[in-house]
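Please work through each task before consulting its solution.

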Amino acid sequence: MSGTTRRGFLGTAAVAGGGAVLGIPERASAENGSTPQTVAVLGGGVAGLTAAHELAERGFRVTVYERKALGGKARSMDVPDSGTGGRRPLPGEHGFRFIPGIYHNLPDTMRRIPFPGNPGGVHDNLVAPKEMLFARSSGREDIRIPLPWPDNPPAELTPDEIRRAFTAVLDTAFHLPLHEALYFAGRMLVFLTSCDQRRDTVWERTPWWDFVRAGRMSYDYQRVLAVGITRNIVATKAEEASTRTVGTLLEAFAFNLLGRGADGPLDRILNAPTNEAWIDPWVTYLKSLGVEFRVGWTVRDLTLGAGAIAGAVVEDPSGARRTVTADHYISAMPVEHARRTWNSAVRAADPQLAECDRLETDWMTGIQFYLTERTPILHGHLDLIDSPWSLTAIAQAQHWPGRDFPADYGDGTVADCLSVDVSEWDRPGILYGKTAKQCTRAEVAREVWAQLKAALNDSGRTVLKDSVLHSWFLDPAVDGLGTPHPVNDEQLLIHPVGTFHHRPRSATKIPNLFLAGDYVAVPIDLATMEGANSSARQAVNALLDRCGSTAPRCTVTPLYRAPELEPLRRHDRTRYLLGLPNAFDIG
């Protein structure tokens, strides 16, 4: 959506007085009053916009080069030719936004983006769904879980209390056999009390499927605690996903549920399409700080001279190649695009860049269904546990209180948007017996709709009706479906065992090149907007160190860990050094 929307105009008007309200620091010169240094930020997703934000507030002259659209995979986008009668186009997206309370760095940035009427900036556009649903197929009872907030302060944690809490939640919520619930709770206790050395070595090399002994357990155990967690949330396969990555995520979510070390509720979403609620106001604010944007400019190569980056070769919107120069360069593109720009000379200058070739990406892509009636599903996210394509979804209109779909969007008949993430693209579906990659775009839409109905219409209540389906929109980054060579231009970083050690640092051995993106080594080991934001903060800090700036450094907040468990982790470190298993690891 364009930055010239009415909301974007209001954002411009709010910028002048927004800084004092939001506590934004006074802009400092990049060189104590001398000519500001220049930075070329290569990529305009969350990582690139965060880097531009932090640098501009510290007095640097920043230009952002983005090949497609600002906001990257986080953006919303207009459905072509869908708005009539003066209404806005229907909002499409790569996938629905999910900003859990375990995030700290991204919410801090959002608080510093002015938004009309919001004392807390864009952050005030976050709303908390009231519940979530694990939908079962074949007539099995769906599992509805309330998400209360704020929660009562928890009692002091002990290993026994942790085990009992996990057992109760799993046994009640998922109806697992008690011995399986007890076993999983015990495995979580092992991870929670494991020292960093064990996590970074043993658990990084152990697939989540093996860690939780999924092969020995029931179908429900496998679908919920192995496949459900890894495929639907982390977009990787349980048989391959690193226990370090999955366990770290679950640890943070568990404490978030307990109200410990959280920025907010477990589940948070935006109260409007992403560009309206966040990206457009962000770009408006950055422009007010002097940031320049070059959208439609694709980075092709980095040239090395005298041991430093001498320029970035870019292709402008007309297709002409040119070299742009700056004092510093922050590569903020997704890893699959960034590594194409690192030629042999650049890679030779810093061997960690070559390690990035070993990082892997996979498909997790969104499709939106536009409906002529509101969907009576629930107030929150759906996880379709039994769906072959590992679907997750959310009905959005109910969370956008200031938006009237029939009046504001589309042709005047659309009342809701059911946004669905498809996480499994290599498994046959139920309608055609083909994988998602083998299906045409229309077949993908029909197959996803069929899997939604199979999970939601199987308990004596018709939740989704064919008669209310108005239209659908599949992420245009996916192309070539149904042909021998399907492609996805916006893939997601995944976390197979061992890949943690191939993630690069933000600072490179090239003095004026820095890396930002969710593939960079950051406190949150997961492909997330939080990881992208954290890496950009690290990159800016490294840049400030390199140029000797006296500007304040960016805060990088790690995931929360319960201090009560620190003695047990220290004890485990001793056992690890002695070659012994974790004290709670009894097989």
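**Exercise 1.** Determine whether F184 and W208 are buried or exposed, and describe how their rings are arranged.

*Solution.* Step 1: the model is predicted, so local features require pLDDT of at least 70 and side-chain atom pairs pLDDT 80 or more, while totals for chains, interfaces and linings use all residues. Residues are numbered from 1 along each chain as its sequence is written, and side-chain values use heavy atoms, without hydrogens and water.

Step 1: F184 and W208 are both buried (buried means under 20% relative accessible area, exposed over 50%, partly exposed in between, with a 1.4 Å probe and protein chains only).

Step 2: Rings of Phe, Tyr and Trp (its six-membered ring) pair if their centres lie within 6.5 Å; planes under 30 degrees apart are stacked, over 60 edge-to-face, and the rest tilted. This rule gives a count of 12 aromatic pairs. In one of them, F184 and W208 are edge-to-face, with 6.1 Å from centre to centre and 80 degrees between the planes.

Step 3: F184 belongs to helix α5 (residues 178-192) and W208 to helix α7 (residues 208-211), so the pair ties together parts 24 residues apart in sequence. Helices here are DSSP runs (H or I, at least four residues), as are strands (E, at least two), numbered from the N terminus.

Step 4: Ring pairs also join F184, W203, W208, F211 and Y221 into a cluster.

**Exercise 2.** How many residues of helix α2 are buried?

*Solution.* Step 1: In helix α2 (residues 46-56), 11 of the 11 residues are buried, so the helix is largely enclosed by the rest of the structure.

Step 1: Among these buried residues are L49, A52 and H53. L286 touches all three, as well as V291 and F293, when residues up to four places away in sequence are not counted; contact means heavy atoms within 4.5 Å.

**Exercise 3.** Which residues touch the most other members of the largest nonpolar core?

*Solution.* Step 1: A nonpolar core is a set of buried Ala, Val, Leu, Ile, Met, Phe, Trp, Tyr and Cys residues joined through side-chain atoms within 4.5 Å.

Step 1: The largest such core has 58 residues, and W278, L286 and I330 touch the most other members.

Step 2: Helix α16 (529-546) is among the elements that each supply at least two residues. The largest share, 8 residues, comes from α16.

Step 3: Another core, of 33 residues, lies apart from this one and includes A135, L378, V448 and V463.
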